[in-house]
Amino acid sequence: MAAAAPSPVPAAISAAAKVASPKAGDRKVVPVTAADEVEQEEMHVLAVDDSSVDRAVIAKILRSSKYRVTTVDSATRALELLCLGLLPDVSMIITDYWMPGMTGYELLKRVKESSQLKEIPVVIMSSENVPNRISRCLEEGAEDFLLKPVRPSDVSRLCSRIR
Amino acid sequence: FNGAAHLVRADDSDAATNRRRRPAPPGYLDEQFSQVEDLQDETSPNFTEEVVSLFFKDSTRLMTNIEQTMEKYPRDFSRWDAHVQQLKGSCSSIGASRMKNECTSFRNSCGAGNIESCMRSLQKVKGEHAALRQKLESYFQLLRQAGPAGMAIRHGGM
């Protein structure tokens, strides 16, 4: 699974509420609020993990909370897509810590060093509870550090902060 | 479906009525598996099976890597350990607790630099893998046979 898989806009956003832009590349949905209903602008999350199992689970958790999710299997690929401007509306990056090649920690550093990307919150996931690792990530600017296996409650807690 | 309940429960309490959030007994699968099942919905009605299938594909590959690494790099315990750690992570993600525990033993054997116990651990991990595959195949078959009522026979501890 080397390519990013942008997910389609979920059906949850009704046709009546969606104002589609004529531009093909524009995935933003402009919310039209009804009297008793507030449509929030969709958050687009980039999930980075070399494990296909973990990608499937984290993507599902996020999509169940109505986020749009793009999954990639490496930090290198994530950076490529981000720097090429192919994911202009990413509102959060959630990444595994240890991956072959570039680690999630290195990805975090690159994102925070980039004037283009540094405002994007980065969340690190790891199956190991290593206090040094956690504090290093937080010092480097990580928004949060989640222990795997990640649960829906971890993610909703974190997304409600970032919204 | 009480007759088949023994396939999914490690104890003999009634599995057929409701999903309960009590801690799973040390069986093949732990609470994380329930978390994965809970994600299944109308938009992805086969989610659990899909994830399980990804797991078996991934874990089979990782186990092959481990065997090849042990052959190619004899006594390179930290290299072996890195591979076992990956496998353990995969087990953890779907709640495969027995297999995960065998991975932990395996890592301990690597840490101790003990070849024989590494070899034994490898065999145990393979054994748990095969057993889990069988359990899950039976479980999914059961759910299919049960049809819509299958939602009531949700796993609480396998």
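A residue is termed buried when its relative accessible area is under 20%, exposed when over 50% and partly exposed in between (1.4 Å probe, protein chains only). The structure is a predicted model, in which local features need pLDDT of at least 70, side-chain atom pairs count only at pLDDT 80 or more, and totals for chains, interfaces and linings use all residues. Residues are numbered from 1 along each chain as its sequence is written, chains are lettered from A and ligands numbered from 1 in the order in which they are written, and side-chain values use heavy atoms, with hydrogens and water left out.

In chain A, the unreviewed UniProt entry places "modified residue: 4-aspartylphosphate" at Asp96(A); such annotations may be inferred rather than shown by experiment. Asp96(A) belongs to strand β5, residues 90-96 (strands are DSSP runs of E, at least two residues; helices are runs of H or I, at least four). Because its relative accessibility is 7%, Asp96(A) counts as buried. Leaving aside residues up to four places away in sequence, Asp96(A) touches Val48(A), Asp49(A), Asp50(A), Gly104(A), Met125(A), Ser126(A) and Lys148(A), contact meaning heavy atoms within 4.5 Å.

In chain B, the annotation "domain: HPt", from an unreviewed UniProt entry, covers residues 50-134. This span is 91% helix and 0% strand, and its end C-alpha atoms lie 16 Å apart. Helices α4 (residues 77-94) and α5 (residues 97-112) of chain B pack at about 165°, their axes 9 Å apart; axes are lines fitted to C-alpha atoms over the stretch in contact, with angles from 0 to 180 degrees between N-to-C directions. α4(B) and α5(B) are therefore roughly antiparallel, a term for angles over 145 degrees.

Terms used
Parallel < 35°, antiparallel > 145°, perpendicular 65-115°, else oblique.
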